[in-house]
Amino acid sequence: MRMLGMIAAAFAMALLHGGRAGAQVLPDGPLLASADMREGQDLSGEWTYSIDPYRDGMAGFHGGAAGTGHRRYDDTDVEQARRADPPALYEYDMDRAPRATLPSSWLTHAPEMRHYQGLVWYQRRFDADPVAGERQFLRFGAVNYAAEVWLNGEFLGRHEGGFTPFAFEVTGKLRAEGNRLLVGADSIRDWQDVPPPVTDWETYGGITRPVSLIAVPETYVDDAWLRLTPDGRITMDIALDGPQAAGAPVEIAIPGLELRLTTNADPTGRVTFRITPPSGLERWSPQNPKLYDIEIRTGEDVWRDRVGFRTIAVRGSEVLLNGEPVFLSGISLHEEELGAQPTRNMTPAAARALLTIVRDDLNGNFVRLAHYPHGDAMVRAADELGLLVWSEIPVYWRIAFADPDVLTHARTMLSEMVLRDRNRASVVIWSVGNETPVDAPRNAFMAQLVADARTLDPHRLVSAALLTERDDSGEVPVMRLVDPLADHLDVLAVNTYNGWYGPDRPEDVPRIAWDVPAGRPLVFSEMGAGAQPGLHAAQGEEPIKFTEEYQATYYRNTLAMAEGIETLAGLSPWILKDFLSPRRQLPGVQDGWNRKGLIGPEGERKLAFDVLAEWYAEREE
């Protein structure tokens, strides 16, 4: 993989605010910030695929270097080679392998793939039009979980982490016709991976986000970050990459503000602007999700994005958006589209369909995108629709917190998430993890991630979903937040399921007391109960678990408990939509689905949906 050029690396490491060079663990490829806005050759569509359950495509029968197994990596046309050498043995032929439409998970490629986990090879043949004097990059939105990429028989590199983008430079490696792109997608994880092997959601192995071939001039805008800082000024940081980056002329245009700025990059190819915006600047908010078109030009390259300007801060127990208190009326989401057979192909239309339910029907202004960075389509839709976003990395439950390599991996994931989405006005909270058990290695691990998030982006809030302790020694149960990580966070967040898990009945929940740090904003990052869509309690009988009535009763009582917490600044209940989870196997009720959604897989609205929607509507009055 091509390492970050000196220019982009210096920019990303220094981070403008005193970040010590080398303090962060950064992506080791081109940033290509806002690459989804660049014109490129879309490689979505029909690919061929082949399972590799014994992983022999990685090495020969007795081990050895990658690529020695059954000639998967070479650029051989099997039919032509077989005619030239009839005795030759080929046990794989990617040109005649089964076909699938990407992006999607292999779980829906064919019935026999539904529960496959392991290694799958994908091939796409394509023509290109490489132009002299241009540079070409292959950009992957995400491959779950790890990817090895080969082009025309040449190994390009490997990427680990199933939820963030990566790119390889392929300048000089393309042909006008018949390029062969081969990707090994590996869904297997162990306890040194992030997330760990055991989670509570479906592992959607495969190429799950778009793949594109992007061409840029030799010197181009690799990264740009624009934001409104707390002092009310627009700050822009731009990093060029290429042989003419040093001293290159740079022009920045924001037509909606009638701004046009011209300058030259410094000797490292970096540009920094801090300006007082015109009086006509409209700040982005849920009520007015104003986005401004941005153009940055250097030489023949034009970088484009749509950016909103707003501030986010805390004051005591309040969250402040543009200096005004805002209650986070939210819901959690997995990256799973509506439908009886989701395949993790979150198109812009699919993202808007989910988020429109949150905004227009649930009366929400906030979404927790759990438990990993969601795709470009989701955060851009949130920008456009005016929904505040919590974005997190999959540091989930128990991983190898004492392993320094695992920490390095998590830090890289965090950098990839932040560097991709720093221009999204909707993203207001970076989360560094979910329900991680407290001990000394974990505490140090998580504190490092918080420090990284602050250095990478000091203008957003940092949180994590924390565990609590229960004390039943007094007259009423008390839930206590005693996690030492709380001292490092801007927003305290806890997951609470009293009335679903544990000894409480729903009617017991309103009397539960909360012992949380005073003067700090608290968010219930999860609360919820399961219900099978359409399963109702018999008339006159007490509702039992998994009926819609039980879930609705749970919500009424948990919201009553929440009203007694003075520092409560928001909610993101678990969860908008039922989602696939192999660990949930109660026959006739779960059948592989986590049923805590307020709507069913195809959008069937449960009784609890209206309970929460009405509660949010009353807060707005």
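Predicted model: local features only at pLDDT ≥ 70, side-chain atom pairs only at ≥ 80, totals over all residues.
Colleague: Which element gives the largest share of the lining of the largest pocket?

Modeller: The largest pocket has a volume of about 530 Å³ and is lined by 28 residues. The elements that each contribute two or more of these residues are β1 (41-42), β12 (211-217), α3 (348-361) and α4 (376-385). Five residues, the largest share, come from α4.

Colleague: What is the volume of the largest cavity?

Modeller: A cavity is a space where a 1.4 Å probe fits but cannot get out. Searching the whole structure gives five cavities of 30 Å³ or more. For the largest cavity the volume is about 240 Å³.

Colleague: Which element gives the most to the lining of the largest cavity?

Modeller: The largest cavity is lined by 19 residues, with P27, P30, L31, P165 and F166 closest to its centre. By class, the lining has eleven nonpolar, three polar and five charged residues. Two elements, β9 (166-169) and α5 (404-421), supply two or more residues each. The most, three residues, comes from α5.

Colleague: How far apart are the end C-alpha atoms of helix α7?

Modeller: Helix α7 (residues 548-563) has 16 residues.

Colleague: What covers the buried residues of α7?

Modeller: The buried residues of α7 are E548, Y550, Q551, A552, Y554, Y555, N557, T558, L559, M561 and A562. Their cover includes β31 (513-515), β32 (522-526), β33 (568-571) and α8.

Colleague: Is V611 buried or exposed?

Modeller: V611 lies in helix α8 (residues 607-620). The relative accessibility of V611 is 11%, and the cut-off for a buried residue is under 20%. V611 therefore counts as buried.

Colleague: Which residues is V611 in contact with, leaving aside its neighbours within four places in sequence?

Modeller: L559 is 52 residues from V611 along the chain, with 9.3 Å between their C-alpha atoms. Contact is judged on heavy atoms, with a cut-off of within 4.5 Å. By that rule, the contacts of V611 beyond its sequence neighbours are A552, Y555, R556 and L559.

Notes
Residues numbered from 1 in each chain as written. Heavy atoms only, no water. 1 Å grid on protein atoms, 1.4 Å probe; cavity = no way out; pocket = protein on both sides within 12 Å on 5 of 7 lines; lining within 4 Å. Points joined across faces, edges and corners; volume = space filled by probe spheres on them. Helix = DSSP H or I, 4+ residues; strand = E, 2+ residues; numbered from the N terminus. Buried < 20%, exposed > 50% of the residue type's maximum accessible area, 1.4 Å probe, protein only. Nonpolar A, V, L, I, M, F, W, Y, C, P; charged D, E, K, R; others polar. Expected span 1.5 Å × (residues − 1).
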